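Visitor: Please walk me through this one. I am new to this.

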Amino acid sequence: MNTYKIAVIPGDGTGPEVVGEGCKALDAAARAFGFKIETQPYDLGGARYLRTGETVSDATLEELRAFDAIYLGAIGHTDIPPGILEKGVLLKLRFGLDQYINLRPVKLFPGVESPVKGKGPAEIDYCVIRENSGGLYTGIGGTSRQGTKDEVAVQQMMYTYAQVERCLRYAFDYARAYGKRARGAGPRNTLALVGKSNVLTHMYGLWNRVFAEVGEDYPDVTREYYHVDATCLYMVSSPEMFDVIVTENMFGDIITDLAAVTQGGLGVAAGGNINPEGVSMFEPIGGTAPMWTGKNAINPIAAIGAAAMMLTALGETAAAAAIDAAIAKTTPKMKTQLANQMGYTTTQVGDLVASEIA
Ligand code: IPM
Ligand code: MN
């Protein structure tokens, strides 16, 4: 029997509640499909930082390399200034484990109402591959003459050829394996590069060139290019035109929040920070939701979806598909996907999904 060692980081706020429901789904899937999940909890996040002053130590980072995957709830704390936990925990894990892909499926589940009028599950069904290791997130820059009118702030967007190439290769491989033709959902597999080549001429000169170069190896994947501003417009006006999108880090951060709202909100949006050659980390893309903490009111669907993505990465694709199918049977029963307005509690939604898996 295959055994998977999973590091679980419940984190702050509603993180522990949603991760608990995700683990319930994992256990049900493990029983039904005959594998074992061994979890080890890691106390990381805002509460821990306030207690000990520590974010993620180098020793912890080394320990995490020994796991098959990491399952994360949410990190954040209203008493901690912005930047400390983001850089000290989330980005430290992403960069330290070189999780250079942020995979964010945009899928409207059955029975979920999209705020985009007239669009259903057939129209909102694509995926954003966000580069996760470079760009503005590299943190290159600085300030000087602070506190004067001559204050200068610089924050630079940077990419190496190698970073762009590995991201695009992953994206082409993904489009080939999971694009619309591969899924039987359309006539071709399409990869759309999203950028701003009309202004960021250096940066998108590089991305576009590598896109064409790498694309030569994928004649079965149709290439498209869209500016990021137009992409936002299309994501609302005609989401059905998208299949697989690939973009740099900051643009990917922004468009995936817009994408999340079109698929029913942060209660359902899941993502994976992926190192295809190393340890990957799966999470609901929403935050800690302090207002709903401890109330058994938060939506666990995103966290459960992240658990399914984790199983796919581990190679348990049938179990992952069973969790996705169980989610698709549960969402139509829920009143809404909003916290405290689901018609069920957090644990009840988790129970519904787990019983569908079994
Ligand atoms: C996300 C978040 C993070 C990001 C923050 C919390 C560092 O917004 O996962 O999308 O910007 O990547
Ligand atoms: Mn974000």
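Guide: A definition comes before the helices: an axis is a line fitted to C-alpha atoms, for a helix over the stretch in contact, and angles run from 0 to 180 degrees between N-to-C directions. Helices are DSSP runs of H or I with at least four residues, numbered from the N terminus. This is a predicted model, where local features need pLDDT of at least 70 and side-chain atom pairs count only at pLDDT 80 or more, while totals for chains, interfaces and linings use all residues. Residues are numbered from 1 along each chain as its sequence is written, chains are lettered from A and ligands numbered from 1 in the order in which they are written, and side-chain values use heavy atoms, with hydrogens and water left out.

Visitor: OK. At what angle do H1 and H10 cross?

Guide: Roughly 130°, and the axes of H1 and H10 come within 10 Å. H1 and H10 are therefore oblique to each other (under 35 degrees counts as roughly parallel, over 145 as roughly antiparallel, 65 to 115 as roughly perpendicular, the rest as oblique).

Visitor: Which residues meet there, H1 against H10?

Guide: Ala25, Ala29 and Phe33 of H1 meet Ala318, Ala319, Ala322 and Ile323 of H10, where contact means heavy atoms within 4.5 Å. By class, that contact has seven nonpolar residues, with no polar and no charged ones.

Visitor: And H1 with H11, what angle?

Guide: About 15°, with the axes of H1 (residues 15-33) and H11 (residues 346-357) 9 Å apart. That makes H1 roughly parallel to H11. The residues of this contact divide into six nonpolar, three polar and four charged. Among those meeting are Glu17, Glu21 and Lys24 in H1, and Thr346, Gly350 and Asp351 in H11.

Visitor: What about H9 and H10, how far apart are the axes?

Guide: The axes are 7 Å apart, and H9 (residues 301-314) packs on H10 (residues 317-330) at about 160°. H9 is therefore roughly antiparallel to H10. The contact of H9 with H10 has eight nonpolar, three polar and one charged residues. Ile304, Ala308 and Leu311 are among the H9 residues there, and H10 brings residues including Ala320, Ile323 and Ile327.

Visitor: Changing topic. Which residues are around ligand 1?

Guide: Glu86, Leu90, Arg94, Arg104, Arg130, Tyr137 and Asp253, each with a heavy atom within 4 Å of the ligand.

Visitor: How far is Tyr137 from an oxygen atom of ligand 1?

Guide: A polar side-chain atom of Tyr137 lies 2.6 Å from an oxygen atom of the ligand. For Arg94, an N or O atom of the side chain is 2.7 Å from a ligand oxygen atom. For Asp253, the corresponding distance is 2.9 Å.

Technical notes. Helices (H or I, at least four residues) and strands (E, at least two) are DSSP runs, numbered from the N terminus. Ala, Val, Leu, Ile, Met, Phe, Trp, Tyr, Cys and Pro count as nonpolar, Asp, Glu, Lys and Arg as charged, and the others, Gly among them, as polar. A polar contact is a pair of N or O atoms within 3.5 Å; within protein, one must be able to donate a hydrogen and the other to accept it, and residues adjacent in sequence count only if both atoms are side-chain atoms.
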